[in-house]
Amino acid sequence: YDQAEAAFKQAIALNDSILESYTGLAGLYLQTKRIDEAIREYETALSKNPKLVQAHMMIGMIYESRKQYDQAQARYQEALKINPRFAPAANNLAWLMIERGGNLDVALGYAQTAREVMPTDPNVADTLGWIYYQKKVYLKAVSLLKEAAEQLHENPVVLYHYGMALYKNENKSEARKALEKSLQLNSNHPGAAEAKTTLAELSSPP
């Protein structure tokens with residue numbers, strides 16, 4: 001890592017207009033948990049080219065990981081101003097909106113864009129499926145969340161989403177399986193409380 005850092009810095013000293021040197025150095029800092037330094041390098045790259053979509057995206061993801069959601073949302077929006085069909089930003093922005101009580105119809109538009117660009121990505125299927133769940137379109141939700149759960153079968157939150165959609169769609173036996181597995185994987189995931197409540201309802205006599 002030390003040699004790589006020195007090489008990136010030497011590249012910048014030799015030619016400070018090659019943006020890959022800054023983003024490469026930023027990526028190195030991310031790997032070594034030097035987060036503030038990573039942001040600084042991405043910002044330096046953006047000062048030279050404000051339309052660098054990936055740099056906006058990476059800063060957005062850093063802010064999201066720090067729970068600085070307003071800043072993350074702003075960065076994803078900046079990326080989408082530059083490229084309205086940049087699927088990773090569209091998906092992440094849609095997810096932030098539904099998790100933070102944003103407009104479901106606007107979030108749906110972003111998620112649909114992401115799905116058009118990345119039709120096989122399970123994370124996009126999960127986002128879009130969960131939006132349909134929130135909108136009470138349970139049949140569509142089940143279809144998308146099944147697709148996500150089959151590929152991300154060790155992700156407790158995805159399984160929780162799938163289980164809840166199955167429950168609302170009256171498929172109680174499969175709902176129980178999905179919810180139980182989600183809790184086996186992580187009994188404290190963000191949807192764990194609702195998963196436990198729903199399982200209790202499924203286990204109680206009619």
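Is tyrosine 160 buried or exposed, and at what relative accessibility? I looked this up in the model, which is a predicted one. Tyrosine 160 has a relative accessibility of 7%, and it therefore counts as buried, the limit being under 20%.

**Entry 1: aromatic residues**

I next searched for pairs of aromatic rings. I described each pair by the distance of the ring centres and the angle of the planes. The count came to 3 aromatic pairs. For tryptophan 130 and tyrosine 133, I found ring centres 4.4 Å apart and planes at 5°, so this pair is stacked. Both residues belong to helix H8, which covers residues 122-134. They are 3 residues apart there, about one turn of the helix.

I then checked the accessibility of these two residues. Tryptophan 130 is at 5% relative accessibility and so counts as buried. Tyrosine 133 has a relative accessible area of 8% and is likewise buried.

Tryptophan 130 also pairs with tyrosine 160. I noted 5.5 Å from centre to centre and 55° between the planes, a tilted arrangement. This pair links distant parts of the chain, since tryptophan 130 lies in helix H8 and tyrosine 160 in helix H10, 30 residues apart. I recorded one aromatic cluster formed by Trp130, Tyr133, Tyr138 and Tyr160.

**Entry 2: helix H11**

I compared the length of helix H11 (residues 172-185) with expectation. At 1.5 Å a residue, its 14 residues should span 20 Å, and the end C-alpha atoms are 20 Å apart, which agrees.

Which residues of H11 are buried? I listed Ala175, Ala178, Leu179, Ser182 and Leu183. These residues cover an arc of only 130° around the axis, which puts them on the same side of H11. Lys177 and Gln184, on the other side of H11, are exposed. I also asked what covers the buried residues of H11, and the cover includes helix H10 (156-168) and helix H12 (192-203).

**Entry 3: arginine 75**

I located arginine 75 in helix H5, residues 69-82. Its relative accessibility is 15%, and arginine 75 therefore counts as buried. With which side chain does the side chain of arginine 75 make a polar contact? I found the side chain of glutamate 43, at 2.4 Å.

I then listed the contacts of arginine 75, leaving aside its neighbours within four places in sequence. They are Glu43, Leu46, His56, Ile59, Gly60 and Tyr63.

Terms used:
Residues are numbered from 1 along each chain as its sequence is written. This is a predicted model: local features need pLDDT of at least 70, side-chain atom pairs count only at pLDDT 80 or more; totals for chains, interfaces and linings use all residues. Side-chain values use heavy atoms; hydrogens and water are left out. Helices (H or I, at least four residues) and strands (E, at least two) are DSSP runs, numbered from the N terminus. The expected span of a helix is 1.5 Å times one less than its number of residues. Buried means under 20% relative accessible area, exposed over 50%, partly exposed in between (1.4 Å probe, protein chains only). The arc is that of the directions from the helix axis to the C-beta atoms. Contact means heavy atoms within 4.5 Å. A polar contact is a pair of N or O atoms within 3.5 Å; within protein, one must be able to donate a hydrogen and the other to accept it, and residues adjacent in sequence count only if both atoms are side-chain atoms. Rings of Phe, Tyr and Trp (its six-membered ring) pair if their centres lie within 6.5 Å; planes under 30 degrees apart count as stacked, over 60 as edge-to-face and the rest as tilted.
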